[in-house]
Amino acid sequence: MQRIYGSVGLVLCGALAAANCRAQQPIRVDVNLVNVAFTVRDANGALVDNLTKDDIKLYEDGVAQKIEFFAKSTDLPLTLALIVDVSGSQDDFGKQHEQDLEVFLKEVLGPKDRVFLVCFGNHLRLVTDYTNSAQNILENYKLFDKGKKHFPEIGPQEDRDLGTAFYDSIYYSVTEKLAQADGRQAILMFSDGEDNSSSHNMMEAIETAQTANVLFYAIRYTETKHDRLNARNKYGISVMARIAKETGGTDIDARKTNPHEYFRQIAEELRTSYEIAYYPVNKNKDESFRKIVVKSKLDGVKIRTKTGYFAR
């Protein structure tokens, strides 16, 4: 879907328009359009897939908004970034990363889905560009893991003295790849959330993902000593949880959860979600953060979505 912020005469023709417009005709708009994706679960944790536009209330900074477009995204093609942390703190998890990637690709990747793979330490390597081939992704990952570093970089070539550009890996995966893509977009991050060499900070990473309507799924591998967390561990855990919450994704401890289970949950959410769009009552481009709240008129359901966006 085209991201429309402060532009005139752009074309809205993506996941939301395709779902709402059977004729697949582009809709031209002359005002700002804010796109919001969300998932809904009932009191038992099961996904709810039968909501209608009339079941939803939408607020921006506490002010009710008129929902212009509403669509249920069922079996929508997925456009995903798989981002794998290969810095020193993840040395003990390299084999688990590979095994979990294989589980994801075999159990989740559908025939119409597109995935790219980025591996990062203090360089961001595009190990596999957009593909639907699980075999291609796994083969390239194994080559990278064996020290074959010929893969191209994404983002500018930065001089980084230390080893982990976590925030940059999110920022450039969105700005250079996902922001221009169609389909249901998300990042699956395999990391511990620690950063010591990015040129961008956490809030810039969050804002970029929110603006592009990209969900962040944090699959966390935290290295501990004697099962005790140090200060750096705790910070990384809070970072992963924060970015997931702000973008409407979720945070998973890979050491305590079966990958078959959490990848199934992620796939269900991505393929059974909703998208709405609205023209904000407040049309000012004042750089402020606008808080978004989506509520259901039905009892006993929980909605998860991004927390808002910046009015650029």
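Reader: Which residues of β7 point one way from the strand, and which the other way?
Author: In this predicted model, every residue of β7 named on either face is buried. Counted along the strand, eight of its eight residues are buried, so β7 is mostly covered. One way point Leu78, Leu80, Leu82 and Val84, and the other way Thr79, Ala81, Ile83 and Asp85.

Reader: Which residue of β8 stands opposite Val84?
Author: Strand β8 runs parallel to β7, and seven bridges join the two. Within this pairing, the residue of β8 opposite Val84 is Cys119.

Reader: What is the order of the strands in the open sheet?
Author: Strands of a sheet pair through backbone hydrogen bonds, either parallel or antiparallel. Here six strands form an open sheet with mixed pairing, in the order β9-β8-β7-β10-β11-β12. The edge strands, each pairing on one side only, are β9 (124–131) and β12 (250–253).

Reader: At what angle does helix α4 run to β10?
Author: Helix α2 (residues 94–107) lies across β7 and β10, at about 170 degrees to β7. Helix α4 (residues 166–176) lies across β7, β8, β9, β10 and β11. The angle of α4 to β10 is about 160 degrees.

Reader: Are α5 and α6 roughly parallel or roughly antiparallel to each other?
Author: Helix α5 (residues 202–211) and helix α6 (residues 231–247) pack with their axes 9 Å apart, at an angle of about 30 degrees. Angles under 35 degrees count as roughly parallel. The two helices are therefore roughly parallel.

Reader: How many nonpolar, polar and charged residues make the contact of α5 with α6?
Author: From α5 the contact takes Met202, Met203, Ile206, Ala209 and Gln210. From α6 it takes Val239, Arg242, Ile243, Glu246 and Thr247. By class, these are six nonpolar, two polar and two charged residues.

Reader: Against which elements do the buried residues of α5 pack?
Author: Seven of the 10 residues of α5 are buried, so the helix is largely enclosed by the rest of the structure. The buried residues are Met202, Ala205, Ile206, Glu207, Thr208, Ala209 and Gln210. They pack against α4, α6, β14 (289–296) and β16 (308–310).

How values were computed:
Residues are numbered from 1 along each chain as its sequence is written. This is a predicted model: local features need pLDDT of at least 70, side-chain atom pairs count only at pLDDT 80 or more; totals for chains, interfaces and linings use all residues. Side-chain values use heavy atoms; hydrogens and water are left out. Two strands pair if DSSP finds at least two bridges between them. Helices (H or I, at least four residues) and strands (E, at least two) are DSSP runs, numbered from the N terminus. Contact means heavy atoms within 4.5 Å. Axes are lines fitted to C-alpha atoms, for helices over the stretch in contact, and angles run from 0 to 180 degrees between N-to-C directions. Angles under 35 degrees count as roughly parallel, over 145 as roughly antiparallel, 65 to 115 as roughly perpendicular and the rest as oblique. Ala, Val, Leu, Ile, Met, Phe, Trp, Tyr, Cys and Pro count as nonpolar, Asp, Glu, Lys and Arg as charged, and the others, Gly among them, as polar. Buried means under 20% relative accessible area, exposed over 50%, partly exposed in between (1.4 Å probe, protein chains only).
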